[in-house]
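Visitor: I'm new to this structure and would like a close look at a single part of it. Could we start from a pairing in a sheet and work outwards?

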Amino acid sequence: MANKANFRVLIADEDSSTSRRLIEFLSQKGFDAHYVTSGKEARDVILAWKPHFIIYDLILPDMNALQVLTWLKEPTMKDNTAKVIVTSSNSIVKNIKDCLKLGAVDYIVRPYKFENILNRLIFHIQNKREISSDSKSQLVLDGGDLFLNLLDVVMREALSNRDQEDVLYNISKMIAITLKAVRCSVVNITEDRLTGTILASSDDKDQTVRGMVLDMNKYPEMIHVMNTEKSIVIEDLEYDPQLAQIKDLVKGISFNSMILCPLTRNGEMYGVVSARMDKKHSKFN
């Protein structure tokens, strides 16, 4: 079983000053971190040290992120299990999609806060399951009737004459009741994944948080759903032995069990529906 000292993080970036400070920060949080300033060094360390995570600069001169991702997919690297997080000073959607297509698990726009890096690392360590859209997989979450009921609610609300804000609130409320969630939120997220806007929340009867703008760096689970365009289930940290030992070091991060689903409009990613469970909810069947 892995403990906090087992998580090895390799940082590949020409900015050695930032890398050193990031290493110090991650070490204080219980990670084993190392940095290199070139692609050649990165390859050597990956082969010898076998990091769990690689934080790689998109435009590292001698071997950019796309090249290292391609290399990691070669047959000789089939035993590699490192998760690659690409960093870049731009948020061009094509770059994000190209990196994800080649196997990166995340893409972080610079400048970033070290806490944002920590959030992403912990998210990618957490136990989570992707839920496909076929009917068989829908039966996993408390039966197909759950989804039929929600579909009925959505259709009835969509055909009503109420304002969009009221419709979204009613849908989020019904989803929360059905899932026994403490909060269900509908969030519109910008194409560059930098900010999101709360359109409705089940616990916001007076709609005081509607329109609130969110920094997406604080919500890696939502970015992941936007990037993969798949629904996911995340189990509570209390039941994740790999992360239990880190919990005291990251008190600012909420670890409730969650279900998150992508929203599309006219075939394009639009945002996320997020249902957060209370602490009594331990694991999903």
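Which residue in β10 stands opposite Arg129?

Guide: It's Val233: that residue of β10 stands opposite Arg129. Before we go on, this is a predicted model, where local features need pLDDT of at least 70, side-chain atom pairs count only at pLDDT 80 or more, and totals for chains, interfaces and linings use all residues. Residues are numbered from 1 along each chain as its sequence is written, and side-chain values use heavy atoms, with hydrogens and water left out.

Back to the pairing. β6 and strand β10 (residues 231-234) run antiparallel and are joined by four bridges. Strands here are DSSP runs of E with at least two residues, helices are runs of H or I with at least four, and both are numbered from the N terminus. Two strands pair if DSSP finds at least two bridges between them.

Now widen the view to the whole sheet. It is an open one of seven strands, antiparallel in its pairing, and the order is β6-β10-β11-β12-β7-β8-β9. β6 (128-131) and β9 (213-215) stand at the edges with a single partner strand each, so one side of each has no neighbour in the sheet. Neighbouring strands of this sheet are turned by 30° against each other on average, with direction ignored. Then a helix comes in: α8 packs on the sheet and touches β7 (181-189), β8 (195-201), β11 (258-265) and β12 (268-277), and its direction makes about 140° with that of β7. For such angles, axes are lines fitted to C-alpha atoms, for helices over the stretch in contact, and angles run from 0 to 180 degrees between N-to-C directions. Contact means heavy atoms within 4.5 Å.

Setting aside neighbours within four places in sequence, Ser172 is in contact with Cys184, Val186, Ala200, Ser201 and Ser202. Take Cys184: it sits 12 residues from Ser172 in sequence, and the two are 5.4 Å apart in space, C-alpha to C-alpha. The side chain of Ser172 also reaches the backbone oxygen of Tyr169 at 2.8 Å. That is a polar contact, meaning a pair of N or O atoms within 3.5 Å; within protein, one must be able to donate a hydrogen and the other to accept it, and residues adjacent in sequence count only if both atoms are side-chain atoms.

Asn266 is in the loop between β11 and β12, and its phi is near 55°, a positive value in a residue other than glycine. With 78% relative accessibility, Asn266 counts as exposed. Gln207, in the loop between β8 and β9, has a positive phi of about 55° and is not a glycine either. Most residues other than glycine have a negative phi, and most peptide bonds are trans. The bond from Arg110 to Pro111, though, is cis, with omega near 0°; Pro111 is in the loop between β5 and α5 (114-125).

Elsewhere, look at β3. Five of its five residues are buried, so β3 is largely enclosed by the rest of the structure. Phe53, Ile55 and Asp57 point one way from β3, while Ile54 and Tyr56 point the other way. β1 and β3 run parallel, joined by four bridges, and Ile55 is the bridge partner of Ile11. β3 also pairs with β4 in the parallel sense, over five bridges.

Finally, the largest nonpolar core has 26 residues, and Tyr56 and Val86 have the most contacts inside it. α3 gives the most to this core, with five residues. A nonpolar core is a set of buried Ala, Val, Leu, Ile, Met, Phe, Trp, Tyr and Cys residues joined through side-chain atoms within 4.5 Å. Beyond four places in sequence, the contacts of Val86 include Tyr56, Leu69 and Ile108. A second, separate core of 20 residues includes Phe25, Ile55, Ile108 and Ile117.

To set all this in context, the protein chain has nine helices and 12 strands, and 47% of its 285 residues count as buried.

Terms used. Buried means under 20% relative accessible area, exposed over 50%, partly exposed in between (1.4 Å probe, protein chains only).
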